[in-house]
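These are my notebook entries from a reading of one structure. I kept each entry to what I looked up and what I found.

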Amino acid sequence: RVMAILRRGQSLIPGDGDEIEAGDEVFFLVDTLHLKRAMTAFGFEGEESRKIVVAGGGNVGYGLVKMLQERGRGVQVKMIERNTERAEFLSEHLDNVLIFNGSSLDNDILEEASVADAGTFIAVTNDDESNILSSLLAKQYGCARVITLVNNPAYSPLVGPLGVDAMVSPRSIIVAQIMQHVRRGRIKELHSLRHGFAEVMEAEVSDNARIANSSIAELNLPNEVIVGAIIRDNEVLLPDLEDVVRPGDHVIVLASQKHAQDVEKMFSVQVDLF
């Protein structure tokens, strides 16, 4: 289910008559069982990356590589770290990871790390400009996919048009985690979409929530609020207007920024116990 589209920097909550255009950034919901098929529909038919180059061996890069080693199957990871002492630390504490001591902006280092053959290049240094530039260099060398860590929100609108495939913003992640606890009701997960134009929430429906035992149609939601999915008994449902929200359901809702608090009220109980 397509829930939102970013087109030439403008956000769009699509209706039935809207079309997806080449170059659109599409936010959609899909059962994980069908994720590969959905990605193929959007033009991504390759297998998961097995060769990964990580630029930046700080806490983020180190933790990322440890996670890749624990969760990845047959993943080959290489790292680029500018600081010599840190590079030595990484070589001592990471098994089966090739460490390159140098700058990720150095063409010789990128060639030595075989960036052209990598499926994914991930830039996670503490310098936004270096992350963006090294990602663009990796892309020029032929790397299939680049992911960039960007702390300064001023750079966010520039990343997509420059050719970076994905951007990670620690600030947005931290804000979302805080807002998850600030929001009233049973908000289990909350994610802010690119530039904060919309929020995606997962909320549990309690017995006395305002929306319990109501159909989607009876909720009279504005156009900028979409009930994308209902998780019921470990099954993912993409609801129609006639479907009824039941107590115990986990409902995934997308809401534009101005309607986020309206969604919060939907899941609050009739009598607030605070």
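**Entry 1. Strand E16 and its partners.** I began with strand E13 (residues 225-232), which is joined to E16 by 6 bridges and runs antiparallel to it. Within this pairing I found Ile230 opposite Val251 of E16. I note here that the model is predicted. I then looked up strand E11 (residues 198-204), and 7 bridges join it to E16, again in the antiparallel sense. In that pairing Glu199 stands opposite Ala255.

I asked next how many of the 7 residues of E16 are buried. The number is 6, so E16 is largely enclosed by the rest of the structure.

**Entry 2. His250.** I located His250 in strand E16, which covers residues 250-256. Setting aside neighbours within four places in sequence, I listed its contacts as Lys188, Glu202, Ala203, Glu204, Ala229, Ile230 and Ile231. I also checked His250 against Met201: the two are 49 residues apart in sequence, and their C-alpha atoms are 9.8 Å apart.

**Entry 3. The salt bridge of Arg232 and Asp249.** I recorded a salt bridge between the side chains of Arg232 and Asp249, at 2.7 Å from N to O. Arg232 belongs to strand E13, and Asp249 lies in the loop between strand E15 (244-245) and E16, so this pair ties together parts that are 17 residues apart in sequence.

**Entry 4. Other salt bridges.** My count for the protein comes to 5 salt bridges. In one of them, Arg7 pairs with Asp24, and the closest N and O atoms are 2.8 Å apart. Arg7 lies in strand E1 and Asp24 in the loop between E2 and E3, so the pair ties together parts 17 residues apart in sequence. I found both Arg7 and Asp24 to be buried. The two also take part in a network of salt bridges that links Arg7, Arg8, Glu21 and Asp24.

I then turned to Lys139 and Asp165, whose side chains meet in a salt bridge at 2.6 Å, N to O. This pair links distant parts of the chain: Lys139 is in helix H5 (residues 128-141), Asp165 is in the loop between helix H6 (156-162) and E9, and they are 26 residues apart. Lys139 is partly exposed, with a relative accessible area of 29%. Asp165 counts as partly exposed as well, at 31% relative accessibility.

**Entry 5. The sheet of 3 strands.** I looked up the strand order of this open sheet and found E2-E1-E3, with antiparallel pairing. E2 and E3 stand at the edges with a single partner strand each, so one side of each has no neighbour in the sheet. With direction ignored, neighbouring strands here are turned by 15 degrees against each other on average. Strand E1 (residues 2-7) is joined to E3 by 4 bridges, and Ile5 has Val26 of E3 as its bridge partner.

**Entry 6. A nonpolar patch.** Which residues make the nonpolar surface patch of about 290 Å²? I listed Ile20, Phe42 and Phe44. Ile20 sits in the loop between strand E2 (10-12) and strand E3 (25-28). With a relative accessible area of 47%, Ile20 is partly exposed.

**Entry 7. The sheet of 6 strands.** I read the order of this open sheet as E6-E5-E4-E7-E8-E9, with parallel pairing. Strand E6 (98-101) and strand E9 (166-168) are the edge strands, and each pairs on one side only. The twist from one strand to the next averages 15 degrees. Strand E7 (residues 120-123) pairs with strand E8 (residues 145-149) over 4 bridges, and Phe121 stands opposite Val146 of E8.

I then looked up two helices that lie across strands of this sheet. Helix H2 (residues 59-71) lies across strand E4 (51-55), strand E5 (76-81) and E7, and runs at about 170 degrees to E5. Helix H3 (residues 84-93) lies across E5 and E6, at about 175 degrees to E6.

**Entry 8. Totals for the protein.** The secondary structure comes to 8 helices and 16 strands. Of the 274 residues, 42% count as buried. The protein exposes about 16000 Å², and carbon and sulfur atoms supply 48% of that area. Among contacts with a separation of 6 or more, 55% are between residues 24 or more positions apart.

Technical notes
Residues are numbered from 1 along each chain as its sequence is written. This is a predicted model: local features need pLDDT of at least 70, side-chain atom pairs count only at pLDDT 80 or more; totals for chains, interfaces and linings use all residues. Side-chain values use heavy atoms; hydrogens and water are left out. Patches are made of residues with over 30% relative accessible area and no salt bridge: like charges are joined within 9 Å, nonpolar side chains (Val, Leu, Ile, Met, Phe, Trp, Tyr) within 5 Å. Accessible areas come from the Shrake-Rupley method with a 1.4 Å probe; for residues, only the protein chains shown count as cover. A salt bridge is a side-chain nitrogen of Lys or Arg within 4 Å of a carboxyl oxygen of Asp or Glu. Buried means under 20% relative accessible area, exposed over 50%, partly exposed in between (1.4 Å probe, protein chains only). Two strands pair if DSSP finds at least two bridges between them. Axes are lines fitted to C-alpha atoms, for helices over the stretch in contact, and angles run from 0 to 180 degrees between N-to-C directions. Contact means heavy atoms within 4.5 Å.
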